[in-house]
Amino acid sequence: MQEKTICGFGIAPTIKSEVHRVEDLAALQHTVKKSEKILATGNFRSYGDSALNEKTIDMRKLDHILAFDKESGIIKCEAGIILGDLLEVIVPQGWFVHVTPGTKYVTLGGCIASNVHGKNHHHYGSFSESVISLDIVLADGDLVKVSEKNYRDLFEATQGGMGLTGVIYAVEFKLKPIKSAFIDIEHVKCSNLDMVFDELEKAEQAYDYTVTWIDSHAKGKKMGRGIIMAGNHSIKGELKVHSKLKIPVPFMMPSILLNKLTLKLFNLFYYTFNRSKHAHVHYDTFFYPLDMIDNWNRMYGKRGFTQYQFVVPLDKGREAVRKILKLTTKKKCGSFLAVLKTFKKEDNYLSFPMEGYTLAMDFPLHNRTKSLLPKLDKIVKEYGGRLYLTKDLMMGKEMMEGYMTKEWQRIRNKYDPKHKFVSQQSKRLGL
Amino acid sequence: MIIIVGATSGIGKEIVREYAAQGKDMVLCGRDKKKLQVIVEDSKARGAKVHGIVFDAMDLAAQEEAIKHIIKLGKIEGMILVQGYMPRADTIDTAQEIRRIIDTNLSSVMNLCNLYLKHIGDGFAAVVTSIAGERGKERNLLYNAAKGGASIYLEGLRQKDIDVIDIRPGWIDTKMTEGIESKLKYPTDKAAKAIIKGIKKRKRVVYVPWYWRYIMLVLRNMPNFIWDKLKL
């Protein structure tokens, strides 16, 4: 056990936590049994306070592959394994994951707790689509194997359940066969938001993966201009694993580094110097461009930042996105990263995606941001949307009305009536 | 094929991981069947051919049975002994404790190396001792003695026809050092890489990390009147 100061990827807030590092299942069960209020944590890639608590279990030493059927591609791993490390094992053997988030430095347990989505949600859905079963340690220390056929309610409530239903010990899921580690990509440059939406529809027909980088500083007729990045797994190229080479950001930068001017300049350069093109790139470049910069979050400085990610239903979705972009450019709160994706139909307890458009923006945590976000919340709510708990830092309790919250709480209370598993976020949102 | 005893320990697990990534065939030995099974499966998934054998470091007879079984599995390249036991600061030195410390850290090392010489007689024996074995100190009195004994044993063993590598870790970030608050705790994966490198180069003594070689040089040569007064 160690007293440590922990924080999410957004750097602020921080909390002093009693961290229990467990090295095997027996130790995990023992720690859960003897603890009152505790939370299992992964690699701290969630942005806000969803992985923070006064008492935590560091799951990262529980990182073994428990079984791997190399014919069918069904694999079972302990939840502490990091996606990037798993890729190092499976890629050379001709496998990839069906759904990957924007960084490979997440734990498998984190993928489940957040029910992560990737650039292919419009075709495939969330990570849960590939999950066969979960081994969960309940509040009383017992291990249960849950699936569609066994404890189905717990199985569904745990995916996207932010670690609040029990500790995810192991995950059994399907891998995707690949012939090459490379992706055939196409970039489509769009001069405004309307063009983005139109081109996106076309790109989604032809490509498994699509994501759009939006210039969140462009105003007026140019508002919402951006670059659509689409891709399919290539059949050409070696099954080469990603490189471990990273550009370091070895210490916290001054908060002033990413300011209105530098962000505007970055957006301007990024838009101007990117052209429409076709290319053949490694999966690391396509899926994990920011992973190359080690600790890039430090560029925001000690003050920290938040990533605001919302989803709005398809019907009137374009209007909602336009309204929100207009407000952020008006308030001069543009971010250096604004990413647009489309989701297909999905509805599951606290799982984030719903059929519609999702936009994610980074905001430094200064006062302008703190007064802007509630205004954005209002628009999201007005259009029947919701916010991503994995990114959230300050949303109001009323935003939980966008989820099947009461139904989820019923299941959670069934398996953890005393609310042993809590987080700073769950306390803040009254979950 | 490499034999790794103490494969379920903090350092042992990482050595296994590293060799599995290299596709090395291994025989993994530990006393907890469930923990060993997890590591065997993980290594297989990573592409290595692996056997698991359960025995306790304190059970010298079982070790003989194990070695006799292992030699039938294939050609042995070498053996790495990672097992170890360090009592917690608040443990009372009973006769039982003494037995446990000596057997795990010293007797089992001697026994396994003897058996290795007798039945295999070729390749290398690498043993994780400790910087603690270089000089006696009041803290961890028994542990230091046992580890020191192992190092002296290895020195003699060197005269037989196998390569002998004495691995001396400083503080490594494992369960064994849980009670110790120190910024000098070295991560296990880096420790494993350093150990494997040292074994490959057939170094006589491997300090993990390297700077302990120079720290111990100073501490080893410190005059007694200063050493006796130091509360380390």
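User: Which residue forms a salt bridge with Asp49(A), and how is such a pair defined?

Analyst: A salt bridge is a side-chain nitrogen of Lys or Arg within 4 Å of a carboxyl oxygen of Asp or Glu. Here Arg428(A) pairs with Asp49(A), N to O at 2.8 Å. The two are 379 residues apart: Arg428(A) sits in helix 11 (residues 424–429) of chain A, Asp49(A) in the loop between strand 3 (39–41) and strand 4 (55–58) of that chain. Helices (H or I, at least four residues) and strands (E, at least two) are DSSP runs, numbered from the N terminus. Over all chains, the rule counts 35 salt bridges.

User: What should I know about the source and the numbering?

Analyst: This is a predicted model: local features need pLDDT of at least 70, side-chain atom pairs count only at pLDDT 80 or more, and totals for chains, interfaces and linings use all residues. Residues are numbered from 1 along each chain as its sequence is written, chains are lettered from A and ligands numbered from 1 in the order in which they are written, and side-chain values use heavy atoms, with hydrogens and water left out.

User: How is the size of an interface given?

Analyst: Often as the accessible area lost when the parts come together. Buried area here uses a 1.4 Å probe and is summed over both parts. Between chain A and chain B it is about 1,400 Å², with 41% from carbon and sulfur atoms. On the chain A side, Arg21(A), Glu23(A) and His64(A) lose the most area, together 34% of what that side buries.

User: How many residues take part in the contact, and how many salt bridges cross it?

Analyst: Contact means heavy atoms within 4.5 Å. Chain A gives 16 residues and chain B gives 18. The rule finds 4 salt bridges across the interface. Arg17(B) makes a salt bridge with Asp63(A), closest N and O atoms 2.9 Å apart. Strand 5 (residues 65–69) of chain A supplies the largest share of the chain A side, 3 residues.

User: How do helix 1 and helix 6 of chain B pack?

Analyst: Axes are lines fitted to C-alpha atoms, for helices over the stretch in contact; angles run from 0 to 180 degrees between N-to-C directions. Helix 1 (residues 10–21) and helix 6 (residues 188–200) of chain B meet at about 65°, axes 8 Å apart. Residues in this contact include Ile11(B) and Ile15(B) from helix 1, and Ala192(B) and Ile196(B) from helix 6.

How values were computed: Buried area = accessible area lost by both parts, 1.4 Å probe.
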